[in-house]
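Reader: I have not looked at this structure before. Could you take me through it by way of a few questions?

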Amino acid sequence: MATLNTNDGPDDSHQRRAGVSDATVQALGKLSEALEVVEHARGYLYGFHRLSGKADLALGEAVDLLREAGAESLAANLEQRIVGRNVINGRWTFQIVEDYDDGYYSSFKEAESMVRQQLVDGKRHLFEAEMKEERRSHGLAHHQARPTEQKDR
């Protein structure tokens, strides 16, 4: 049976200071959720970037193979119309990624950080840390508040 740890709670970086309201922690939790969605969207954008590039390279290989197969006019048509083509007006995907990162993404991250800094001294995931405290089974193995030191095996 596990023994209770006197340090059985979140570390200081995951505890609200006195005077921080439930409404503030809830709002910061929603802000964190929104940032996580932006991060997820950014991952999809990078996936789009990689897949589009991979498709263009595979298309280039297909063009070469069509030439080897004697279909020169079809190969030339694909090469001129699609190989290296912009995916949107004037842009390859790297330019889309850069615009997103330098604009919306960086602005969102800066704003989220500024709000946390002003309201809770920059602490992250207070809402989640408090939810963990409510949901975990205190005193049981695999429900510790924080990592425990590993002993040599």
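**Rings, cores and surface**

Author: Phe94 has a relative accessible area of 37%, so it counts as partly exposed. The model is a predicted one.

Reader: Which arrangement do the rings of Trp92 and Phe94 have, edge-to-face or stacked?

Author: Planes over 60 degrees apart count as edge-to-face. The ring centres of Trp92 and Phe94 are 6.4 Å apart and the planes stand at 85 degrees, so the pair is edge-to-face.

Reader: Which residues do ring pairs link into a cluster?

Author: The whole structure has four aromatic pairs. Ring pairs join these residues into a cluster: Tyr100, Tyr104, Tyr105 and Phe108.

Reader: Which element gives the largest share of the largest nonpolar core?

Author: That core has eight residues: Leu35, Val38, Leu45, Ile96, Val97, Tyr100, Tyr105 and Phe108. Helix H1 (22-68) and H3 are the elements that give it two or more residues. Five residues, the largest share, come from H3.

Reader: How many residues are in the second, separate core?

Author: Its members include Val20, Leu28, Val120 and Leu126. The total for this core is five residues.

Reader: What distance separates the C-alpha atoms of Gly19 and Val120?

Author: Gly19 is placed in the segment before H1, and with a relative accessible area of 80% it is exposed. Along the chain, Gly19 and Val120 are 101 residues apart. Their C-alpha atoms are separated by 9.9 Å.

Reader: About how much accessible area does the nonpolar patch of Phe48, Val87 and Ile88 have?

Author: Val87 is in the loop between helix H2 (72-81) and helix H3 (93-120), and its relative accessibility of 39% makes it partly exposed. Together, the three residues of this surface patch have about 240 Å².

Reader: Is Glu133 buried or exposed?

Author: Glu133 lies in helix H4 (residues 126-135). Beyond its neighbours within four places in sequence, Glu133 contacts Asp8, Gly9, Pro10, His138 and Ala145. Its relative accessibility is 18%, and buried means under 20%, so Glu133 counts as buried.

Conventions:
Residues are numbered from 1 along each chain as its sequence is written. This is a predicted model: local features need pLDDT of at least 70, side-chain atom pairs count only at pLDDT 80 or more; totals for chains, interfaces and linings use all residues. Side-chain values use heavy atoms; hydrogens and water are left out. Patches are made of residues with over 30% relative accessible area and no salt bridge: like charges are joined within 9 Å, nonpolar side chains (Val, Leu, Ile, Met, Phe, Trp, Tyr) within 5 Å. Accessible areas come from the Shrake-Rupley method with a 1.4 Å probe; for residues, only the protein chains shown count as cover. A salt bridge is a side-chain nitrogen of Lys or Arg within 4 Å of a carboxyl oxygen of Asp or Glu. Helices (H or I, at least four residues) and strands (E, at least two) are DSSP runs, numbered from the N terminus. Buried means under 20% relative accessible area, exposed over 50%, partly exposed in between (1.4 Å probe, protein chains only). A nonpolar core is a set of buried Ala, Val, Leu, Ile, Met, Phe, Trp, Tyr and Cys residues joined through side-chain atoms within 4.5 Å. Contact means heavy atoms within 4.5 Å. Rings of Phe, Tyr and Trp (its six-membered ring) pair if their centres lie within 6.5 Å; planes under 30 degrees apart count as stacked, over 60 as edge-to-face and the rest as tilted.
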